Amino acid sequence: MEASAVVVSVIACFGAIIVLVVIAAVMAARRERERQEALRLWAKRHGWQVVDKPQVDWGRRMPGRNRRGVSLALFGTLGGRPVAIGDYSYTTTSSSTDANGASQTTTTTHHHVAVVVRLRMPRPSVAVHRRGGGSKLWRSLFGDKATAIGYEAFDSAYRVNSPDPSLVRAVLGGPLVAEHVAGRLPDWSVEGNELLTFVPGRIGAPDGIPAQFGPLLRVADLIEAHART
């Protein structure tokens, strides 16, 4: 094959790749517009409010800690409580070197859904997260932190963070601890009267939104019941 023919073939391949990339980007943008439109129609039908780039600080308690990471949120009421659900994202950058010694930088966007329930009364700042392998190893080497509650079945499976360890038991009552040990509740954090959890991905089918609040509403009920005892 002549050199000119090779060049033409290479250019044609690159051109085809560019066209495919453009088509994929257009289709992704269209799907995103359709998704947001479906959310807006659902919100209007159920008396909820949709806010683009809401002024909330949920990202401070989420992976990536991107304070401006919530791009869209829906606010409404469930079970007599104000609630909200939002699209959150943050980016990470990694560098690598190929076989020729050239440096390459890759940027990845991570998406999560923030789920928020408003408590009827402010509570001390506490966060409960299931332990990963590193946390379990740290505990085995150095023991529990001051935020441990003294119940092995819970302390071995969950780590608790709080700026004031003495107030952890004001939030974590026996029934809440028992349901965590049974595996029925999500990770969560509370600051003031905002109770928050998150899951990977974006807000999905609108009709599935209410069900996403079920476990966190249960946490809210247990926290408030404990506060009244």
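## A tour of the cores and aromatic pairs

Begin at tryptophan 138, which is exposed because its relative accessible area, 53%, is over 50%. Keep in mind that this is a predicted model.

The structure holds 6 aromatic pairs. Now select tyrosine 88 and tyrosine 90. Their ring centres are 6.2 Å apart and the planes meet at 35°, so this pair is tilted. Tyrosine 88 counts as buried, with 1% relative accessibility. Tyrosine 90 is buried as well, at 15%. Go back to tryptophan 138 and phenylalanine 142: they also make a tilted aromatic pair, with 4.3 Å from centre to centre and 45° between the planes.

Then pick out Trp42, Trp48 and Phe213, which form one aromatic cluster.

Move to the largest nonpolar core, which has 38 residues. Which members touch the most others? They are Trp48, Leu74, Leu172, Trp188, Leu195, Ile209 and Phe213. Colour the elements that give two or more residues to this core; among them are helix H1 (3–46), strand E2 (70–78), strand E6 (188–200) and helix H6 (214–227).

Zoom in on leucine 74. Beyond its neighbours within four places in sequence, its contacts include Leu39, Trp42, Trp48, Val83, Ile203 and Ile209.

Notes. Residues numbered from 1 in each chain as written. Predicted model: local features only at pLDDT ≥ 70, side-chain atom pairs only at ≥ 80, totals over all residues. Heavy atoms only, no water. Core = buried A, V, L, I, M, F, W, Y, C linked by side-chain atoms within 4.5 Å. Buried < 20%, exposed > 50% of the residue type's maximum accessible area, 1.4 Å probe, protein only. Helix = DSSP H or I, 4+ residues; strand = E, 2+ residues; numbered from the N terminus. Contact = heavy atoms within 4.5 Å. Phe/Tyr/Trp six-rings, centres within 6.5 Å; stacked < 30°, edge-to-face > 60°.
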